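Subject: Structure handover

Hello,

Here is the structure I promised to pass on. Please open it first, then read the notes below it.

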Amino acid sequence: MKSKNFILFADCLPIKGANRSLICDVKNNQYHFIPNGLYDIIEKYNGETINFVKKEFENEYDEIIDEYFDFLFDNKLIFFNENPQLFPKINNQWHSPSLITNMIIDYDEIMHELKSLLPQFEKLKCSHIQLRFFKKISLDYITEVVQILKEEKSRIVSIDFVLPFHENFNIEAVTELIAENSRIHSIVLFNSLYDKSYPPIREKMGYIMHVKRNIVNESHCGIINQEYFYSNITLYTESQQHNTCLNRKISIDKDGNIRNCPSMPKHFGNIKDTTLEEALNHPDFKKYWNVNKDMIAVCKDCEFRHICTDCRAYTERTHFEEDIDLSKPLKCGYNPYTNVWEEWSTNPLKEKAIEYYGMQDLVKNN
């Protein structure tokens, strides 16, 4: 094999970080850590032979290079072919026909009338929605929501429910509801007695999760950790030019105010007197849509930046360009310069930002 040309699979995409790199296998939703030296070899010599690479290094690192390529081959990240020109790189462009791709709707004391909003969802061509409930809700209400989507023949293809756990929830009934409604992507029960995830009822759809963490309002949003990393082509390509949280998103907060995200400080009217399209057309609504990870302090040096979602609602507030906040997300405890994860809420460098957002009680309770 050493005399044949090695080729990185088109759906295996390398990302270089400050101290190490990743290869994202976007077909299998996996990622592999590699040294930055191997990243440089892949970027410079992809399509060449292993023997050619060794000669470039004057055969000084033959053993290390063999280890590198054994790793790549064993993990099915490369193949060999004498005609590398026949295997072009994947297109990194991201496109969507939708004005809005995803939406969050928060519920607390006010129960927004979903059926009356559906025509606006259709006009924006929104396909994914998340409903978050900060007070107890019955399984009958969830059944009613999915039934409305079915009766109205909505274009919504996936819906996530985030709601507080209570003893009346029967896991068998929840499972049956998901099995009968293919639109349900997940049901997350927070403030549960334990953390537990169930296998999806159908492929990549129909998850049930119990989480012990209590979610009392929108300020619990914006947490960055490895559980939320997705090594898929959609997120990877969107992240090249756009913000992985706010791009093509619209939200309705618990009071009916229209925001880019319920946690963002600025709203653009209320659903009582403003349509979602009117809010979307406000000149400031798309302010952060194109702020990608390569623009954000620290994140731009992180190997996870193209598989990680971002948060502009809660940041460390250390880097601004005019009125654009380019600071690292507040709720991220990862250091790409040391490759160490730490608890973000106890970091003394974040104290001023925690105080600014009034999160002292939230941090204390967590």
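A residue is called buried when its relative accessible area is under 20%, exposed when over 50%, and partly exposed in between. By that rule Asp 106 is buried, and so is Arg 132. Keep in mind that this is a predicted model.

**Salt bridges**

Asp 106 and Arg 132 form a salt bridge, with the closest N and O atoms 2.7 Å apart. Asp 106 sits in strand β6 (residues 102–107) and Arg 132 in strand β7 (residues 128–133), so the bridge ties together parts that are 26 residues apart in sequence. In general, side chains of opposite charge can pair when their charged atoms come close.

How many salt bridges are there in total? The count comes to 14. Two more pairs deserve a look.

One joins Asp 40 and Lys 16, at 2.9 Å from N to O. Asp 40 belongs to helix α1 (residues 36–45) and Lys 16 to strand β2 (residues 12–16), so this pair ties together parts 24 residues apart in sequence. Asp 40 counts as partly exposed, because its relative accessibility is 36%. Lys 16 is partly exposed too, with a relative accessible area of 32%.

The other joins Arg 20 and Glu 303, at 2.7 Å from N to O. This pair links distant parts of the chain, 283 residues apart. Arg 20 is in the loop between β2 and β3 (21–25). Glu 303 is in the loop between α8 (276–280) and β14 (320–321). Glu 303 has 0% relative accessibility, so it counts as buried.

There is also a network of salt bridges. It links Lys 293, Asp 310 and Arg 312.

**Nonpolar cores**

In soluble globular proteins, nonpolar side chains tend to be buried together. Here the largest nonpolar core has 60 residues. Which of them touch the most other members? They are Leu 131, Ile 159, Phe 161 and Leu 163. Helix α5 (residues 139–151) gives the most to this core, with 7 residues.

Take Leu 131 as a way in. Leave out residues up to four places away in sequence, and Leu 131 touches Ile 105, Tyr 107, Val 145, Ile 159, Asp 160, Phe 161 and Val 162.

A second, separate core has 19 residues. Among them are Cys 12, Ile 34, Tyr 68 and Phe 80.

Leu 38 lies in helix α1. Its relative accessible area is 0%, so Leu 38 is buried. Neighbours within four places in sequence aside, Leu 38 is in contact with Tyr 68 and Leu 72. Gln 93 is another matter: Leu 38 and Gln 93 are 55 residues apart in sequence and 25 Å apart in space, C-alpha to C-alpha.

**Cysteines**

How many disulfides does the model hold? The count is 0. A disulfide is a covalent bond between the sulfur atoms of two cysteines. The rule used here asks for two cysteine sulfur atoms within 2.5 Å.

Cys 261 is in no disulfide either. Its nearest cysteine sulfur, in Cys 221, is 4.9 Å away. Cys 261 is buried, with a relative accessible area of 4%.

**Surface and loops**

Phe 57, Tyr 61 and Ile 64 make a nonpolar surface patch of about 250 Å². Phe 57 is in the loop between α2 (50–56) and α3 (62–74). Phe 57 is partly exposed, at 30% relative accessibility.

The loop between α2 and α3 also holds Asn 59. Phi of Asn 59 is near 55°, a positive value in a residue other than glycine. Asn 59 has a relative accessible area of 44%, so it counts as partly exposed.

Glu 322 also has a positive phi, near 60°, and again the residue is not glycine. Is Glu 322 buried or exposed? Glu 322 is exposed, because its relative accessibility is 81%. Look for Glu 322 in the loop between β14 and β15 (324–325).

Best wishes

Notes: Residues are numbered from 1 along each chain as its sequence is written. This is a predicted model: local features need pLDDT of at least 70, side-chain atom pairs count only at pLDDT 80 or more; totals for chains, interfaces and linings use all residues. Side-chain values use heavy atoms; hydrogens and water are left out. Buried means under 20% relative accessible area, exposed over 50%, partly exposed in between (1.4 Å probe, protein chains only). Patches are made of residues with over 30% relative accessible area and no salt bridge: like charges are joined within 9 Å, nonpolar side chains (Val, Leu, Ile, Met, Phe, Trp, Tyr) within 5 Å. Accessible areas come from the Shrake-Rupley method with a 1.4 Å probe; for residues, only the protein chains shown count as cover. A salt bridge is a side-chain nitrogen of Lys or Arg within 4 Å of a carboxyl oxygen of Asp or Glu. Helices (H or I, at least four residues) and strands (E, at least two) are DSSP runs, numbered from the N terminus. A nonpolar core is a set of buried Ala, Val, Leu, Ile, Met, Phe, Trp, Tyr and Cys residues joined through side-chain atoms within 4.5 Å. Contact means heavy atoms within 4.5 Å.
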